[in-house]
Structure formats: C-alpha cells, structure tokens
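My notes follow the order in which I looked things up.

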Amino acid sequence: NAQIPTIAVTGAAGQIGYSLLFRIAAGGILRHRPFRLRLLEVEPALKALEGVVMELQDGAFPLLAGIDIGSDPREMFDGVNLALLVGARPRGPGMERADLLQANGAIFTAQGRALGEAAADDVRVIVTGNPANTNALIAQRNAPDIPADRFSALTRLDHNRAIAQVALKTGAAVSEISRVSIWGNHSASQYPDLAHALVDGRPALEVIDDDAWVEHNFIPTVAQRGAAIIQARGSSSAASAASATVDAARDLLHGSAPGDWVSMAVPSDGSYGVREGLVSSFPVTTSDGNAYIVPDLELSDFARRRIDASVAELQDEYDAVSALGLI
Ligand code: NAI
C-alpha cells in the first residue's frame, strides 16, 4: 500500500539500531500511523540483522506493517519518506582523521546518490553516524535533486544532555526546562548555550546563578559526555543516541513544542555568520518536516568565540572532504 510511510534505518544491526528500531516500532516517530521499515546493513552484518528482524517480529508491534532488509542502498531507499542514517565507519586504531572522512565519504556519497535516485519526493534525512555534520553535508551534496534543507545531522543528544545537566543542577523537572541551544559541530568543540534557556519560565542563568559552573562544568560535561560514557560503559552511548534520534525525527515531523525549540544541525543559510551550506547546529523550531533556524538571538562575545571555533572545525572538515572530491 503506497499510503503507508516507509522509514529507512542504516546501520540497523549496530548498537544504536538495537535500541532505535524498537522505539520506532512502538510508535516513537509516527505515533499512531502504520509504517514499514527498510533496514540497510553491510553484507557481513545481514545475518545478525535477520536476528534483529526476528525480534522485531516477536514484538508483535501493531503499527509495524512490514520489514525489508538489504545491503543495496538504492533498493533500501526506494520510496522512503524518512531516512535515518545511523551506520558509519568508526575510527579504527591508527586511523587519521582524513582516513575517517574518506571511509565515511564513500558511504555517504553512495547513500546520498541512492536517496537522490530512489527516495520519495517528501523524504527527510537525519544523519546520526559520525562525523554526523560532515556526513550529512556529503549526503546532501550528492543528492542535488533533494532540497538541501531536507538533510540534518543529529545534535539532539547534545541538546538532551544539556537539559539533563540543568535539571540535575537546579532540581527542576526536565519538562520545565526550555530553549537550550547547541551550536556548531557534534564534537567536543560544540557550544552548549544557556543564555536564552528558561527554567520554569525564568532565565536559566539567573536560576542557576553560578557562571563558573556553566563555563567550567556544564559546557565541558555536555561536550565531553560521549567520552565519559565510553569510559564508564566500555562502549559508546547507544540507547540515549537512539532516543535522541527518535526525538529529532518525531519533532521534525510533528513539530517542536510551542514556545520551545530544539537543536539540530542543518545546512546554514548564513544565519549567525555561519557560512552558507555548512551543516551546523542551531536552535530551530520544527513543523511539518521543516526546521527553521531561530532568528535574532543575541550572542555574547563568549558565545561568538565558541561558535566561531566550532564552525572553524566544520569548515576544516568541509575543506578536507572537498579536497577528497567527495562534495
Ligand atoms: P555500531 O558500530 O554498533 O553500528 C554501526 C553499524 O553500521 C554496524 O552494524 C555496521 O555494520 C553498519 N554500517 C557500516 N557501514 C554501513 C553502510 N555503508 N551501510 C549500512 N550500514 C553500515 O555503532 P553505533 O554505536 O550503532 O553508532 C553508529 C554511529 O552513530 C557511529 O558513527 C557513532 O559514532 C554515531 N553516534 C552518533 C551520535 C550523535 O549524537 N550524533 C551519538 C552516538 C553515536
């Protein structure tokens, strides 16, 4: 039935996939609508993926209308309305950054092209696989027939981590915290920003009343949370990354909460001095599958420097993948 929306997930046999698929199957993104899943993996992981499919079947999810798996992006992206690009090549021992960009470049050029050829006209693409911003840039540039603003990279996990730290610090409920912002790259250079955040309607910085904590505790804790989780857990954050991917997709399609915003890395339109085309995180509102950069926020000198530093890193990655001929 052509009316049933199709969600593609790449890297579906990986650790994020193992959480993500069950959250999606339970209605986490499309809520009450039936949908199909298309799961893309590399050939050697297809057997493991068959096991995951067996478990999905065993969940007897009422909304899950069908599952296809395969290793050909063109086939798996055929007619998809939402593509969650989670699979990526992790940095191996001794791998230089250029090697990492090249290995992922091969994946995201191919997937971008396949999306451009095969996806539905209304496709939305969210890249979780790292380096997420630059992978999204590569996919977007290799799908010139898809409007650039359909592509985004996940900084919702950073956004959620920032909310969690403010909740822990202030004792406020997560639901009382709004207008947190993540700027720049999904990397340690990101700038988690509380300047416009509210706690129960009051300026968060006033409620926190501890500038040293914000600069020396909050910012590094959020920016380096991924490393802290690897240290504690022995492997990288997976369930929280899956949860953030669900949050990002759900809010993109159904809209961010009135009066609040979310963080998402989107192709810059030049806002806040971020060079046009770089996929950089901004505070955005969302509705009906579109993200709108929140305009006219005032930035302190400190914020300006932090954002510029993270955007400079994105520019370096841009130059590197451009030199490799990937965009
Ligand atoms: P994982 O290594 O457990 O799973 C990745 C899966 O992707 C593997 O099963 C692998 O076979 C598959 N894969 C590799 N190349 C592929 C291709 N060309 N097509 C389809 N599948 C392919 O990794 P995990 O923990 O699930 O993480 C996935 C990615 O998400 C990593 O790049 C990780 O760094 C990133 N990540 C991003 C976060 C964010 O906030 N943006 C947070 C946490 C992780």
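The entries below go from the whole chain to the domains, a sheet and the ligand.

**Entry 1: whole chain.** I note at the start that this is a predicted model. I counted the secondary structure of the chain and got eleven helices and 14 strands. I then took the radius of gyration, which is 19 Å; the globule rule gives 20 Å for 327 residues, so the chain is as compact as a globular protein of that length. The C-alpha trace spans about 55 × 45 × 40 Å along its principal axes.

**Entry 2: domains.** I looked up the domain assignment, which gives domain 1 (6-153) and domain 2 (156-317). Their centres, taken over C-alpha atoms, are separated by 23 Å. How many residues does each domain put into the contact? I found 28 residues from domain 1 and 26 residues from domain 2. On the side of domain 1 that touches domain 2, at least two residues each come from H1, strand E4 (82-85), strand E5 (124-127), helix H5 (132-141) and strand E6 (151-153). I sorted the residues of that side of domain 1 by type and got 16 nonpolar, eight polar and four charged.

**Entry 3: annotation.** I checked the UniProt record, an unreviewed entry, where the annotation "domain: Lactate/malate dehydrogenase C-terminal" covers residues 155-321. Over residues 155-321 I find 47% helix and 19% strand. The end C-alpha atoms of this stretch are 21 Å apart.

**Entry 4: a sheet.** I traced an open sheet of three strands in the order E7-E10-E11, with antiparallel pairing. Strand E7 (177-178) and strand E11 (202-203) are the edge strands, as each pairs on one side only. Strand E10 (residues 198-199) is joined to E11 by two bridges. Which residue of E11 is the bridge partner of Val199? I read it off as Arg202.

**Entry 5: ligand.** I listed 28 residues around the ligand, and those that come nearest are Gly11, Gly14, Ile16, Gly87 and Ala88. Helix H1 (residues 15-25) gives the most to this shell, with three residues; H1 also supplies at least two residues to the side of domain 1 that touches domain 2. By type, the shell divides into 14 nonpolar, twelve polar and two charged residues. Where does the ligand lie relative to domain 1 and domain 2? I find that both domains give residues to the shell, so the ligand lies between them.

Definitions and conventions. Residues numbered from 1 in each chain as written. Predicted model: local features only at pLDDT ≥ 70, side-chain atom pairs only at ≥ 80, totals over all residues. Near = placed C-beta within 6 Å. Helix = DSSP H or I, 4+ residues; strand = E, 2+ residues; numbered from the N terminus. Nonpolar A, V, L, I, M, F, W, Y, C, P; charged D, E, K, R; others polar. Domains from an automatic or database assignment. UniProt positions renumbered as here; feature names shortened; annotations may be inferred. Pairing = 2+ DSSP bridges. Contact = placed C-beta atoms within 7 Å. Rg over C-alpha atoms; globule rule 2.2 N^0.38 Å.
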